[in-house]
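Subject: Structure for your review

Hello,

Here is the structure I said I would pass on. My notes on it follow below.

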Amino acid sequence: MKVIKTIRASEWWGYKVAPLLAIGYATVLKSDMDLWDAAPYLLYIMLAMVLGAAYVSVINDITDMDEDLAIGKRNRMAGVKPSRRWLFPFVALLMGAAYIATFYPHVLIMALAAMPWIAFSCYSIPPVRLKKRGLWGVLADASGAHVFTSLFVVAAMSYYTKQKLDWIWFAAVGVWALCYGLRGILWHMFFDRDNDIASNTPTFATRVDPERFRQREWVILVVELGAFGIMLWRIGGSAMPVVFLILYFLFLIASWRKLGFRIVIILMPPGQPYPYLIFLADFYQVFFPLSLLLTAALTSRYDWIIVFVHVALFYWSILRLLRYGLRIAKVPGAEATRS
């Protein structure tokens with residue numbers, strides 16, 4: 001349990017692993033292989049995400065320690081003896097290198113597996129520390145957390161399912177992952193903007209006026225939606241993802257009207273604290289992977305096992321939405337919740 005807290009698993013498990021699994025499910029559905037047959041290899045390549053996320057969480061805490069302590073922010077590595085702090089990322093690097101070597105001689109897969117480690121090392125570790133270098137830091141985080149990992153899943157699963165790499169699918173996933181990753185890191189940076197200013201940590205968000213950035217967030221979203229539309233086209237074969245997308249929009253509207261949730265693209269609207277939902281985040285994390293799993297399960301009974309395993313692994317995210325649904329069902333109108 002202490003190790004799980006140290007690597008901050010609660011901060012990335014459901015938020016980043018579930019969308020990556022969705023990309024893996026979709027890539028398998030594009031092939032002639034059943035998801036059940038591809039599941040062991042998909043589980044193996046997801047090990048890269050766990051190792052990489054653990055490494056990133058630890059080095060972020062180590063390299064952010066001075067800034068965090070200066071503003072009284074909790075830092076998990078502060079309680080670890082200085083002589084042992086770098087032991088965690090060192091062990092993770094060794095394990096990561098051994099893991100990446102297993103993909104030899106597939107150069108593209110190995111390169112995509114290694115790039116997130118490089119991107120996040122450059123993002124956090126001095127003297128490079130791209131986190132303090134404006135737009136470079138934003139691109140490094142988005143690339144490491146989403147772009148290279150998503151493309152690694154596409155390349156690895158395409159190889160395992162013996163299908164020729166679909167370069168349109170590959171490119172669409174890359175653009176979608178970049179935009180979604182940009183929205184994620186920019187939301188985090190602008191959310192932490194006051195803390196970063198207080199600790200004198202120069203980030204992209206501390207150098208940009210939030211109000212002047214609002215038009216740019218729409219540009220990122222439009223490109224993201226375009227790329228995701230191409231992804232849905234390339235998946236083909238089932239209307240289930242589109243049906244679940246419609247269900248998601250109905251859920252979003254009901255959450256706004258009946259529960260008073262604000263819908264956030266990147267920047268938080270001004271005003272007092274309020275409940276909010278980041279646009280499409282719940283779709284990518286819950287609705288999209290479930291739609292793909294149900295598509296597979298309807299054609300292969302063994303794939304229902306994968307559905308149940310997925311639900312068990314990400315039950316917290318699913319349960320949270322179910323609770324919102326129950327609240328929506330109990331509330332007769334918007335006026336009852338906005339008072």
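**Helix packing**

Helix H14 (residues 281–297) packs against helix H15 (residues 303–313) at an angle of about 160 degrees, and their axes are 8 Å apart. This is a predicted model. With angles over 145 degrees counted as roughly antiparallel, H14 and H15 are therefore roughly antiparallel to each other. Their crossing is left-handed. On the H14 side the contact is made by Pro 289, Leu 290, Leu 293, Leu 294, Ala 296 and Ala 297. H15 contributes Asp 303, Trp 304, Ile 306, Val 307, His 310 and Val 311. By class, this contact of H14 with H15 has ten nonpolar residues, one polar and one charged.

Helix H3 (residues 35–63) and helix H7 (residues 107–124) also pack: their axes come within 10 Å and cross at roughly 10 degrees. That makes H3 roughly parallel to H7. From H3, the contact takes in Leu 51, Gly 52, Tyr 55, Val 56, Ile 59, Asn 60 and Thr 63, and from H7, Trp 117, Phe 120, Ser 121, Tyr 123 and Ser 124. The residues in the contact of H3 with H7 divide into seven nonpolar and five polar, with no charged ones.

**Aromatic pairs**

The structure holds 32 aromatic pairs. One of them joins Trp 187 and Tyr 276, with ring centres 6.3 Å apart and planes at 40 degrees, so the pair is tilted. Trp 187 lies in helix H9 (residues 167–191) and Tyr 276 in strand S2 (residues 276–278), so this pair ties together parts that are 89 residues apart in sequence.

**Backbone**

Most residues other than glycine have a negative phi, and most peptide bonds are trans.

- The peptide bond from Tyr 104 to Pro 105 is cis, with omega near 10 degrees; Pro 105 is in the loop between helix H6 (87–101) and H7.
- The bond from Pro 126 to Pro 127 is cis, with omega near 5 degrees; Pro 127 is in the loop between H7 and helix H8 (135–160).
- Lys 162, not a glycine, has a positive phi of about 60 degrees; Lys 162 is in the loop between H8 and H9.

**Confidence**

The protein chain averages a pLDDT of 86, and 88% of the residues score at least 70. Over residues 1–7 the pLDDT is below 50, and beyond near neighbours in sequence this stretch has twelve contacts in the model. Residues 333–339 also stay under 50, with eleven contacts beyond four places in sequence.

Regards

Conventions:
Residues numbered from 1 in each chain as written. Predicted model: local features only at pLDDT ≥ 70, side-chain atom pairs only at ≥ 80, totals over all residues. Heavy atoms only, no water. Axes fitted to C-alpha atoms, helices over the stretch in contact; angles between N-to-C directions. Helix = DSSP H or I, 4+ residues; strand = E, 2+ residues; numbered from the N terminus. Parallel < 35°, antiparallel > 145°, perpendicular 65-115°, else oblique. Left-handed = near helix turned anticlockwise from the far one by under 90°. Contact = heavy atoms within 4.5 Å. Nonpolar A, V, L, I, M, F, W, Y, C, P; charged D, E, K, R; others polar. pLDDT = per-residue confidence, 0-100. Phe/Tyr/Trp six-rings, centres within 6.5 Å; stacked < 30°, edge-to-face > 60°.
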